[in-house]
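Dear colleague,

I am passing on the structure below, together with notes on what turned up in it. Please read the notes alongside the coordinates.

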Amino acid sequence: MNGNLIIKNAAQVVTCRGFTAKKGEEMSQLGIIEDGGVLIMDGKIAAVGASEEVAREIDPDITVIDAAGKAVLPGFVDSHTHFIFGGYRHDEFAWRLRGDSYMDIMNRGGGIANSVGATRKASLETLVTDGARRLDSMLSFGVTTVEGKSGYGLDRDTELKQLEAMACLNKSHVLDIAPTFLGAHAIPDGFKGKEDAFIDHVMEMLPEIKEKGLAEFCDIFCEKNVFSVDQSRRLLSRAKDLGFGAKIHADEIVQLGGAELAAELGAVSADHLLQASEQGILDLAHSGTVATLLPGTAFSLKEAYARGRNMIDQGCAVALATDFNPGSCFSNSIPLIFGLACLYMKLSPEEALTALTINGAAAIGRADTVGSIDVGKQGDLVILEYPSYRFIPYHLGVNTVETVIKNGRIAFSKK
């Protein structure tokens, strides 16, 4: 296949039109074309509109998909994951079920520290092989672009190994990966009580990572008993000076001021935000920072959900992502995330779709190339088994994706 493809007769082409994040009421504007069509040439969207117009002249060599009775959407963008890791933490899930808190588990050597030990032991080849298998699963759910974080090394060699695994997969797998350096994910043994020194250590890694082109973003876990607002500001400011985009795990467990810091620094995204303050939400609304919400993590930890409805009503640009990781959310299910956002965060289906497409793209700085069905963007599309995007939350937790198209080529099909 040459990246030339046409879709015709779609019950809906849901364009999610735009090249920047959508805020507030804009998130409900999906740009739906009934009986629509999409033309992709050389991997790029060349035309979108009424089916009879788009399909008027069809080259005999072009791949044709008749999408009668089906909805066509932009490929989903999962803008917050930790999919490169060693080992699993299934025992910890059982511990949480009996009432142990996330921080309790972390304090006795579980949590992130558990994954750090397993990832340090894993070879680069193992991380690449396992990572490819996880990407295959994401693709089947309609994800065409994904963000991946390091952070299970907490030392130079393992952090680089995780980032190198993503670089290998970016060359060999159909999905596009936006890599993020999360060296400040936890405080490793040897630095307990010396958090400032560890921030210095992480900062020393930044120039090498930048020179090798291994990460686009720098992230930090800004949380009580992990890294303070001042420590986070110091690391992210240095990262921005070197040309990294800033991301921040903010206000997940305790209201610490991470949302305010993200807005202050002009971070690309502030993620989690379960405990974000009213001022923090207002600051995000007045900034260019995307509020990336992770309902699967709140669900898995049995925590209160981030106030998605309030954030949108206040004018924030909200994205949704899976937070796929081996501990607090071992799920990459897009329909689960979609359904949780609608049921428990009070997003409308329209807002949830925007959050998983154009706003997810904006949360990784790629709204100009993916996240919507616009002429000139990558030919990344999803065809559902049903005639409307509203079947995603309605068919709760069940994958409704029939076909995934990446750069104009069929990358996954249930047929």
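Is N225 buried or exposed? With a relative accessible area of 63%, N225 is exposed, where exposed means over 50% relative accessible area, buried means under 20%, and partly exposed covers what lies in between (1.4 Å probe, protein chains only).

Before going further, please note that this is a predicted model, in which local features need pLDDT of at least 70 and side-chain atom pairs count only at pLDDT 80 or more, while totals for chains, interfaces and linings use all residues. Residues are numbered from 1 along each chain as its sequence is written, and side-chain values use heavy atoms, with hydrogens and water left out.

Backbone

N225 lies in the loop between β9 and α8 (229-241), helices here being DSSP runs of H or I of at least four residues and strands runs of E of at least two, both numbered from the N terminus. Its phi is near 70°, a positive value in a residue other than glycine. K302, which is not a glycine either, has a positive phi of about 55°; K302 sits in the loop between α11 and α12 (308-313) and, at 60% relative accessibility, counts as exposed.

Pockets

The search ran on a 1 Å grid over the protein atoms alone, and a pocket is an open set of points where a 1.4 Å probe fits, with protein on both sides within 12 Å along at least five of seven lines; lining residues have an atom within 4 Å of a point. Grid points are joined across faces, edges and corners, and a volume is the space filled by probe spheres set on the points.

The largest pocket has a volume of about 390 Å³ and is lined by 19 residues, of which A113, I187, P188, D189 and K192 lie nearest its centre. Helices α3 (102-107) and α4 (112-121) each supply at least two residues of this lining, and the largest share, five residues, comes from α4. By class, the lining of the largest pocket divides into 10 nonpolar, five polar and four charged residues, with Ala, Val, Leu, Ile, Met, Phe, Trp, Tyr, Cys and Pro counted as nonpolar, Asp, Glu, Lys and Arg as charged, and the others, Gly among them, as polar.

The second largest pocket has a volume of about 290 Å³, and of the 16 residues that line it, F93, R96, S300, G327 and F330 are the closest to its centre. Both α2 (90-97) and α11 (295-301) supply at least two residues of that lining, the largest share, four residues, coming from α2. Its classes are eight nonpolar, five polar and three charged residues.

Salt bridges

With a salt bridge taken as a side-chain nitrogen of Lys or Arg within 4 Å of a carboxyl oxygen of Asp or Glu, the count comes to 24. In one of them the side chains of R120 and D155 meet at 3.3 Å, N to O; R120 lies in helix α4 and D155 in the loop between β7 (143-149) and α6 (156-172), so the pair ties together parts that are 35 residues apart in sequence.

E216 forms a salt bridge with R366, the closest N and O atoms being 2.6 Å apart. Since E216 belongs to the loop between α7 and β9 (217-222) and R366 to the loop between α15 (358-362) and β14 (381-384), this pair ties together parts that are 150 residues apart in sequence. E216 is partly exposed, at 30% relative accessible area, whereas R366, at 17%, counts as buried.

K212 and E208 also meet in a salt bridge (2.8 Å, N to O), and both lie in helix α7 (residues 195-212), four residues apart, about one turn of the helix. R156, D157, E208 and K212 are linked in a network of salt bridges.

Interior

A nonpolar core is a set of buried Ala, Val, Leu, Ile, Met, Phe, Trp, Tyr and Cys residues joined through side-chain atoms within 4.5 Å. The largest such core has 103 residues, among which L73, L273 and L320 touch the most other members, and its largest share, seven residues, comes from α7. Domain 1 (5-75 + 370-413) and domain 2 (76-363) both give residues to this core, so it lies between them; the domain bounds come from an automatic or database domain assignment.

Finally, seven of the eight residues of helix α14 (residues 349-356) are buried, so this helix is largely enclosed by the rest of the structure.

With kind regards
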